[in-house]
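Hi,

Here is the structure I promised to pass on. Please open it alongside this email, and my notes follow below.

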Amino acid sequence: MVAVTEELERARAAAAAVNDPELPMLTLHDLGILRRVRVEEDGTVSVWITPTYSGCPALAEMRADVAR
């Protein structure tokens, strides 16, 4: 269980540190759009983000940055 918790903490920290492509001085955490991070049973990491407004043109880039 400790390994899963450590993996979740690393995944959450990595996702939270992703910079907004339009406002690079702010992270997804700063903007409050990082909603959930979960480590699946198979080790896959799932991340949920909610853009600041619907139709956000940077959403695709944010998704790609989180995946990287």
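To start with charge: how many positive and how many negative side chains does the protein chain have, and how far apart do the centres of the two sets lie? There are 7 positive and 11 negative side chains, and the two centres are 4 Å apart.

Please keep in mind that this is a predicted model. The pLDDT of the protein chain averages 88, and 94% of the residues reach at least 70. Confidence is highest in β2, with a mean of 93, and lowest in helix α1 (residues 2–16), where the mean is 85.

Now the overall layout. The protein chain contains three helices and two strands, and they come in the order α-α-β-β-α along the sequence. Its C-alpha atoms fill a box of roughly 35 × 20 × 20 Å along the principal axes. Of the 68 residues, 26% count as buried. The accessible surface is about 4700 Å², and carbon and sulfur atoms hold 54% of that. If you look at contacts with a separation of 6 or more, 30% of them join residues 24 or more positions apart.

Which of its residues are buried? They are L59, M62 and D65. These three lie on the same side of α3, because they cover an arc of only 120 degrees around the axis. The general rule behind such a pattern is that an α-helix has 3.6 residues a turn, so residues three or four places apart point the same way. The cover over the buried residues of α3 includes α2 (28–31) and β2 (45–49). On the face turned away from the buried side you will find the exposed residues A60, R63 and A67.

Is V47 buried, partly exposed or exposed? It is partly exposed, because its relative accessible area is 28%, and the cut-off for buried is under 20%. Setting aside neighbours within four places in sequence, V47 contacts A15, L34, R36, V37 and V66. V47 and A15 are 32 residues apart along the chain, yet their C-alpha atoms are separated by 7.6 Å.

Happy to talk any of this through once you have had a look.

Best wishes

How values were computed:
Residues are numbered from 1 along each chain as its sequence is written. This is a predicted model: local features need pLDDT of at least 70, side-chain atom pairs count only at pLDDT 80 or more; totals for chains, interfaces and linings use all residues. Side-chain values use heavy atoms; hydrogens and water are left out. Helices (H or I, at least four residues) and strands (E, at least two) are DSSP runs, numbered from the N terminus. Buried means under 20% relative accessible area, exposed over 50%, partly exposed in between (1.4 Å probe, protein chains only). Contact means heavy atoms within 4.5 Å. Accessible areas come from the Shrake-Rupley method with a 1.4 Å probe; for residues, only the protein chains shown count as cover. Lys and Arg count as positive and Asp and Glu as negative; His and the chain ends are not counted. The place of a charge is taken as NZ of Lys, CZ of Arg, CG of Asp or CD of Glu. The arc is that of the directions from the helix axis to the C-beta atoms. pLDDT is the predictor's confidence in each residue, from 0 to 100.
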